[in-house]
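Here are some notes to read alongside the structure. Take the points one at a time, and find each residue in the viewer as you go.

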Amino acid sequence: MKETPFVLDLHTHTLVSGHAYGTIREMAQAAAEKGLEVLGITEHAPGIPGTVHPFYYTNLKAVPRELFGVTILNGCEINVLDEGELSLKDKYMTYMDYAIVGIHRQCYTDAGREKNTDNLIRCMEHPLVRFVSHPDDDHTPLNYERLVRAAKELNVALEVNENSLRKKPGSRINIRENYKTMLRLCLEYDVPVFVSSDAHDPTKVARFDVSRGMLAEAGYDESLVLNTSAEKLWAFLGHQLAEK
């Protein structure tokens with residue numbers, strides 16, 4: 001059976017993040033060449049070494065809404081901090097189309113499975129947070145039953161991250177097992193997922209192969225995968241894009 005094309009990639013980084021290597025235009029051109037309709041640029045928030053100053057987000061109106069025929073969305077990958085706080089203030093988040101939250105060990109101390117889950121869910125409660133990045137690493141373990149039920153309640157989508165699945169063995173722990181558990185629960189609770197390249201270079205935009213294999217292995221219901229339709233994404237976001 002022919003695969004349904006994935007037409008959006010919502011979690012990518014440009015050189016502004018400090019450890020990525022393409023400009024917005026280079027990323028957009030790569031997205032166009034690979035048939036994407038929507039590209040999300042989500043620079044790292046404070047807490048990741050070398051990333052952009054928060055003032056950057058106040059001028060997102062300077063970024064064209066369309067490049068090379070691809071709709072450009074402006075977001076941010078915001079860090080979960082040790083007490084469940086977000087690493088970016090509300091006054092900067094209002095300029096974005098959406099926010100992604102995720103745990104990064106550069107700015108988070110493992111507090112055990114239940115407290116880690118508490119902290120992540122607390123961040124998911126912010127109204128601009130619509131996505132969770134790479135909830136897959138047992139360096140900071142999570143309770144997936146609680147996470148998925150919270151995602152359902154808060155209308156937040158959970159990510160299958162291609163970059164995580166391609167990491168060297170040992171850099172992240174139990175990734176595949178954790179994704180299988182998460183996807184099984186997402187099916188049970190009817191929670192949407194999104195697949196992201198987490199590209200840090202234009203050559204990696206729209207790279208989904210390993211993730212698609214994971215979805216197929218899990219027998220995942222395609223109707224719950226946001227990547228298959230821009231219209232599905234707009235319905236999920238449920239609001240106008242940030243004014244430019």
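1. Let us begin with a term: a polar contact is a pair of N or O atoms within 3.5 Å, and within protein one of them must be able to donate a hydrogen and the other to accept it. Please also keep in mind that this is a predicted model. With that in hand, look at Ser197 and Asp9, whose side chains are joined by a polar contact of 2.5 Å.

2. Stay with Ser197 for a moment. Where does Ser197 lie? You will find Ser197 in the loop between β8 (193-196) and α7 (209-218). The side chain of Ser197 also has a polar atom 3.1 Å from the backbone nitrogen of Ala199. Is Ser197 buried or exposed? Ser197 has a relative accessible area of 2%, so Ser197 counts as buried. Leaving aside neighbours within four places in sequence, the contacts of Ser197 include Asp9, His11, Glu162, Asn163, Lys204 and Phe208.

3. Now compare a residue in another loop. Pro49 is placed between β2 (38-44) and β3 (66-67), and Pro49 is exposed, with a relative accessible area of 57%. Beyond neighbours within four places in sequence, Pro49 is in contact with Ser17 and Gln106. Pro49 and Tyr21 are 28 residues apart in sequence, and their C-alpha atoms are 15 Å apart in space.

4. Next, follow strand β4 (residues 70-79), where 9 of the 10 residues are buried. Which way does β2 run relative to β4, parallel or antiparallel? β2 and β4 run parallel and are joined by 7 bridges, and Gly40 stands opposite Leu73 in β4. β3 and β4, in contrast, run antiparallel with 2 bridges, and here Leu67 stands opposite Val70. The hairpin of β3 and β4 has 2 residues between the strands, and Phe68 takes a positive phi near 55 degrees there. Strand β5 (residues 98-102) pairs with β4 in the parallel sense over 5 bridges, with Val101 as the bridge partner of Ile78.

5. Turn to the nonpolar interior. In soluble globular proteins, nonpolar side chains tend to be buried together. The largest nonpolar core here has 63 residues, and those touching the most other members include Leu39, Ile78, Val101 and Val205. Helix α6 (residues 175-189) gives the largest share of this core, 6 residues. Another core, of 14 residues, lies apart from it, with Leu8, Val38, Leu233 and Leu237 among its members.

6. The aromatic rings deserve a look too: there are 5 aromatic pairs. Phe6 and Phe208 form an edge-to-face pair, 5.5 Å centre to centre, with 65 degrees between the planes. Phe6 is in the segment before β1 (8-12) and Phe208 in the loop between β8 and α7, so their pair ties together parts that are 202 residues apart in sequence. Phe6 is buried at 9% relative accessibility, and Phe208 is buried at 5%. The charged end of Arg212 sits over the ring of Phe6, 3.7 Å from its centre.

7. Finally, visit Phe131 and Phe236. Their ring centres are 5.6 Å apart and their planes are at 45 degrees, so this pair is tilted. Phe131 belongs to strand β6 (residues 129-132) and Phe236 to helix α8 (residues 230-237), 105 residues apart. Together with Tyr98 and Phe194, Phe131 and Phe236 form one aromatic cluster. Arg130 lies over the face of Phe236, at 4.4 Å from the ring centre.

Key
Residues numbered from 1 in each chain as written. Predicted model: local features only at pLDDT ≥ 70, side-chain atom pairs only at ≥ 80, totals over all residues. Heavy atoms only, no water. Helix = DSSP H or I, 4+ residues; strand = E, 2+ residues; numbered from the N terminus. Buried < 20%, exposed > 50% of the residue type's maximum accessible area, 1.4 Å probe, protein only. Contact = heavy atoms within 4.5 Å. Core = buried A, V, L, I, M, F, W, Y, C linked by side-chain atoms within 4.5 Å. Pairing = 2+ DSSP bridges. Phe/Tyr/Trp six-rings, centres within 6.5 Å; stacked < 30°, edge-to-face > 60°. Lys NZ or Arg CZ within 6 Å of the ring centre and 35° of its normal.
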